[in-house]
Amino acid sequence: MAQDELMSTLSSLRQARIGPHRAPHKPLLVLWLLGRFVTSGSTAVTYDEAESPVSRLINDFGPAMTNPSQAKQRAAMPFVHLERTLWDPRDGVGQPIHSTDPARGAWLRAHGAHGRMRPDVERLLADPATLAMAARLLLQQHFTPALEAPICDAVGLETTSREVQALCVPDQRQRRARRPGFAEDVLNAYAYACAFCGFDGAVGRNPVGLEAAHVRWHSQDGPDEVDNGLALCSLHHTLFDLGVLGLGPDLRIQVSRRYVARSAAGRAVDALQGRYVAAPRPGHSALDAQYVDWHQRQVFKRPAAHAA
């Protein structure tokens with residue numbers, strides 16, 4: 001396998017939809033394996049070792065699951081179904097695990113399941129530039145910029161290196177380009193203030209700590225238009241992309257019950273529950289209900305907290 005073949009395979013990972021929800025299980029398993037390779041020089045792992053950290057990644061950065069027992073073993077699906085051109089899963093006696101075998105944690109544990117990236121894949125990943133390019137491709141294709149650093153931190157990938165940050169996905173695999181001016185249009189529509197809390201800090205004439213958030217992520221075919229955007233402070237942007245904050249169909253702010261805080265500052269997020277999100281200034285497009293619905297189904301960690 002050559003580098004371009006590896007990138008092509010990663011860019012076309014098959015993702016089974018779970019009902020109407022996106023399923024970033026395979027990209028998160030691969031990112032976790034990349035982090036493991038960086039720290040240990042190998043991607044070899046037993047299912048027992050992978051189940052807890054990979055399931056936690058899927059719960060944190062994928063759509064919520066309400067069944068606690070199933071949430072603990074979400075790693076089983078990608079462990080069994082990751083493409084065999086990348087991944088070689090076997091049972092305790094060394095026999096291949098097939099994609100038709102049960103993708104259940106109990107079955108994998110009982111059969112001593114373990115796996116490792118193919119030798120030619122590991123040889124490619126030994127080049128730091130290739131590994132960084134693979135990570136960037138998966139992050140850009142399946143997530144949103146505000147989540148890139150938290151995901152990299154969670155899987156143990158370095159994100160501060162200038163060399164890593166400078167790498168980009170090869171042109172033939174890039175998603176559609178972002179529209180220049182999107183951020184400025186959104187911030188202007190919301191008068192340079194957070195639509196959730198009203199924060200409008202600036203240094204001189206320059207806004208600080210304010211960002212343009214996509215409601216439906218750009219990587220998931222969300223348009224770079226004001227009706228798909230919100231001006232949010234950095235904190236609330238991150239919480240919105242993590243699914244801690246969401247919007248109901250009536251455009252009231254929702255706070256996930258999964259959010260916990262002990263300090264007064266942390267509990268200020270709970271105080272957002274039930275407030276209406278700020279409306280854009282006259283002459284600017286209001287939020288489109290289809291994008292609000294997408295975020296509610298695909299990102300928000302339901303259920304919401306009860307209104308005070």
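## Exposure of phenylalanine 199

A residue is called buried under 20% relative accessible area, exposed over 50%, and partly exposed in between, with a 1.4 Å probe and protein chains only. Phenylalanine 199 has a relative accessible area of 37% and is therefore partly exposed. This is a predicted model, in which local features need pLDDT of at least 70 and side-chain atom pairs count only at pLDDT 80 or more, while totals for chains, interfaces and linings use all residues. Residues are numbered from 1 along each chain as its sequence is written, and side-chain values use heavy atoms, leaving out hydrogens and water.

Phenylalanine 199 sits in the loop between helix H11 (182–189) and strand S4 (202–203), where helices (H or I, at least four residues) and strands (E, at least two) are DSSP runs numbered from the N terminus.

## Helix H12

Within helix H12, which spans residues 234–242, the buried residues are His236, His237, Leu239, Phe240 and Asp241. These buried residues pack against helices H9 (145–155) and H14 (289–298), and also against strands S6 (210–214), S7 (229–233) and S8 (245–247), contact meaning heavy atoms within 4.5 Å. After H12 comes glycine 243, which has a positive phi near 85 degrees.

## Serine 219

The loop between S6 and S7 contains serine 219, which counts as buried because its relative accessibility is 2%. A polar atom of the serine 219 side chain lies 2.6 Å from the backbone oxygen of phenylalanine 143.

Terms used:
A polar contact is a pair of N or O atoms within 3.5 Å; within protein, one must be able to donate a hydrogen and the other to accept it, and residues adjacent in sequence count only if both atoms are side-chain atoms.
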